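Please examine the sequence and the structure below before reading on. The explanation that follows is intended to be read alongside them.

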Amino acid sequence: MKTLNIGIIGGGLMGKEAASAFGRWFALNDFPVNVALKAVCDLNEQVLAWYKNIPTVELLTTDYKELLGRADIDVVYVALPHNLHKEFYLEVLEAGKDLLAEKPFGIGLEAALAIRDKAEELGRFVRCSSEMPFLPGPQRVIEEVKSGRIGEIIEVKAGFLHSSDIDPTKPINWKRQVKFCGEIGVMGDLGMHVLHVPLRLGWKPELVYANLQKIVTERPDGKGGMAVCDTWNNATLNTQVTIDGKQIPMLLEMKRIAPGETNTWYIEIFGTKGGVKYSTKDTKTLWTFKFEGEQFWQRTDLGFKGVPFPTITGGIFEPGFADCFMQMLAGYVAEREGFLNNRFGCVTPDEAVDSHYVFAAALKSFANTSVEKVDYQYQPA
Ligand SMILES: NC(=O)c1ccc[n+]([C@@H]2O[C@H](COP(=O)([O-])OP(=O)(O)OC[C@H]3O[C@@H](n4cnc5c(N)ncnc54)[C@H](O)[C@@H]3O)[C@@H](O)[C@H]2O)c1
């Protein structure tokens with residue numbers, strides 16, 4: 001069986017999540033390609049030490065050039081702060097490797113365009129991370145929309161809500177500072193997750209009216225003082241999309257202070273004949289709506305069945321974050337190797353760039369208290 005050799009640059013929260021998914025690759029049933037995590041780069045030696053337990057890892061380094069210099073590595077997963085995306089992604093591509101990028105795919109629009117264009121120029125296979133839609137629930141939502149059972153679509157709502165900023169005593173880190181996380185703040189953190197399914201269904205926001213909120217503006221600096229916290233905590237985007245020739249409102253919510261939420265991804269789509277909604281808050285539940293004289297909500301208890309890439313996990317067992325992350329990695333490998341077929345795939349570079357166009361318009365909208373057209377042709381100077 002073919003084995004893809006993987007390198008990871010940035011071994012923190014997401015680097016470890018990826019490593020653990022690669023480490024139980026055998027859970028995928030009849031998956032025709034194997035993976036082996038060969039090398040990890042991180043500046044922090046303590047982070048690197050965690051990877052010593054992984055038998056396939058041959059190189060632990062603080063110098064990413066050493067990792068990129070290895071001829072045997074096919075694909076590099078980069079999970080670094082946003083200010084480093086452009087520089088590292090471009091170097092990965094120039095080193096002749098394929099790339100699994102992390103969102104937001106560059107700190108802003110200019111960076112996202114540069115990465116997309118370089119990947120095209122060099123013919124590298126590049127996809128961007130967004131794992132939630134690989135759960136069975138979102139897959140069923142997509143199926144419901146495509147079935148036409150919903151009738152004429154009249155409203156879409158999607159969001160990603162958590163509360164990792166709710167505690168004001170939590171010390172500052174790179175995710176709460178514009179210079180590392182980006183001017184787009186929470187939109188860069190959560191926006192790609194929210195837009196993945198709408199964009200895949202062809203629903204590109206045309207107009208945006210944005211509300212952006214900075215709620216916690218300083219935090220402990222970890223050294224006894226306070227530090228400025230200048231990123232947007234919450235973003236509420238009222239957008240308009242054209243679906244089947246009609247202009248439809250689409251609400252997009254991205255919140256780092258959403259009381260009561262830990263990591264809630266949701267989507268709701270309503271039409272003239274029916275509706276469908278799914279939230280990771282209730283991971284197993286798919287809600288479908290129909291109107292037949294009376295109005296009915298039907299609750300379907302989902303299990304593991306319906307993930308794009310079947311695993312050994314029993315069909316009645318419930319899936320979680322680690323599962324959808326692994327499904328996403330399987331989607332990356334399947335698409336790279338040409339056997340994705342009609343299954344759901346990872347965010348493409350064009351979709352990532354489109355999300356940045358929406359975020360750039362949202363920044364403008366909030367600054368000017370205006371409704372902004374999203375200009376998908378705009379090229380920053
Ligand atoms: N897909 C998701 O659900 C999800 C969730 C969280 C974060 N993310 C994304 O993943 C990326 C990383 O986020 P994270 O939460 O893993 O961050 P993190 O801070 O936990 O990890 C980043 C790691 O990068 C290392 N690092 C920093 N500069 C480096 C350099 N120059 N060379 C090598 N290593 C360096 C740090 O030491 C750290 O271990 C971001 O793009 C973030 O938006 C995605």
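The model is a predicted one. Its six strands form an open sheet, in which the pairing is parallel and the order is 3-2-1-4-5-6. Strand 3 (59–61) and strand 6 (126–128) stand at the edges; each has a single partner strand, so one side of each is left without a neighbour in the sheet. From one strand to the next, the twist averages 25°.

Within this order, strand 1 (residues 2–9) and strand 2 (residues 33–41) run parallel and are joined by eight bridges. In general, strands of a sheet pair through backbone hydrogen bonds, in either a parallel or an antiparallel manner.

Attention now turns to helix 8, which comprises 15 residues, 186–200. From its first C-alpha to its last, helix 8 reaches 21 Å, close to the 21 Å expected at 1.5 Å a residue. Helix 8 is mostly covered, with 14 of its 15 residues buried. Just after helix 8, Gly202 takes a positive phi of about 90°.

The ligand remains to be considered. Which of the 22 residues around the ligand come nearest? They are Gly10, Gly12, Leu13, Met14 and Glu102. Divided by class, the shell around the ligand has 11 nonpolar residues, six polar residues and five charged residues.

Methods
Residues are numbered from 1 along each chain as its sequence is written. This is a predicted model: local features need pLDDT of at least 70, side-chain atom pairs count only at pLDDT 80 or more; totals for chains, interfaces and linings use all residues. A residue is near a molecule or strand if its C-beta atom, placed from the backbone, lies within 6 Å of it. Ala, Val, Leu, Ile, Met, Phe, Trp, Tyr, Cys and Pro count as nonpolar, Asp, Glu, Lys and Arg as charged, and the others, Gly among them, as polar. Helices (H or I, at least four residues) and strands (E, at least two) are DSSP runs, numbered from the N terminus. The expected span of a helix is 1.5 Å times one less than its number of residues. A residue is buried if 20 or more other C-beta atoms lie within 10 Å of its own, exposed if 12 or fewer, and partly exposed in between; C-beta atoms are placed from the backbone. Two strands pair if DSSP finds at least two bridges between them. Axes are lines fitted to C-alpha atoms, for helices over the stretch in contact, and angles run from 0 to 180 degrees between N-to-C directions.
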